[in-house]
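The structure is shown first, and the description follows.

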Amino acid sequence: MANKKSEQIKEWIIVVMMLVMLSMVTLPLFDVKEDWMRWIYAAAAGITLIVRFTQRYDGNNLRIKRLYRMNIIAAVMFCVSAGLTFYHTGTDSIALLMAGAVLQIYATTVTGRLEAQEQNGKKHKKQNNI
């Protein structure tokens, strides 16, 4: 029970950090350009990476394991994007952010679907064995 609760908390942390990163990227479109914004963006990317490293999949499905690694790669892309905001003034950081976002959307969508199928398969097996 505690494991499920901690995984839900981690997912909520990821959602909040994604919204923080999105807001820090979109604020310059409205002519808000402050130095503290890149620090908040970098902190959100770092927290996302830490949370992704702590998430584990203990099952045997290799595809789900690969999708968990894809989420880690997306978080690394967010961190590299945050680093580019400090040292590069072009749009490379936004390109990396968008690439990481696409990778993350794909991985989390497919992971959720596969984990639900796996849970349904376990429930179906238990019902047939009784």
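The largest nonpolar core is made up of ten residues in all: M17, M21, M24, M37, Y41, A44, A45, F78, A82 and L97. A nonpolar core is a set of buried Ala, Val, Leu, Ile, Met, Phe, Trp, Tyr and Cys residues joined through side-chain atoms within 4.5 Å; buried means under 20% relative accessible area, with a 1.4 Å probe and protein chains only. Two or more residues of this core come from each of α1 (2-26), α2 and α3 (62-87), and α2 gives the largest share, four residues. Helices are DSSP runs of H or I with at least four residues, numbered from the N terminus. A second, separate core has eight residues, including Y57, I64, L67 and M70.

This is a predicted model, in which local features need pLDDT of at least 70 and side-chain atom pairs count only at pLDDT 80 or more, while totals for chains, interfaces and linings use all residues. Residues are numbered from 1 along each chain as its sequence is written, and side-chain values use heavy atoms, with hydrogens and water left out.

T48 belongs to helix α2 (residues 35-54) and is buried, with a relative accessible area of 0%. A polar atom of the T48 side chain lies 2.7 Å from the backbone oxygen of A44. Not counting residues up to four places away in sequence, T48 touches I14, M17, M18, M21, A75 and F78, where contact means heavy atoms within 4.5 Å. With neighbours within four places in sequence left aside, A44 is in contact with M17, V20 and M21.

| Pocket | Volume | Lining residues nearest the centre |
|---|---|---|
| Largest | about 790 Å³ | E7, E11, R56, Y68 and E115 |

A pocket is an open set of points on a 1 Å grid over the protein atoms alone, where a 1.4 Å probe fits, with protein on both sides within 12 Å along at least five of seven lines; lining residues have an atom within 4 Å of a point. A volume is the space filled by probe spheres set on the points.

The lining of the largest pocket has 21 residues, divided into two nonpolar, ten polar and nine charged. Its largest share, seven residues, comes from α4.

Technical notes. Buried < 20%, exposed > 50% of the residue type's maximum accessible area, 1.4 Å probe, protein only. Polar contact = N/O pair within 3.5 Å; in protein donor to acceptor, adjacent residues only side chain to side chain. Nonpolar A, V, L, I, M, F, W, Y, C, P; charged D, E, K, R; others polar.
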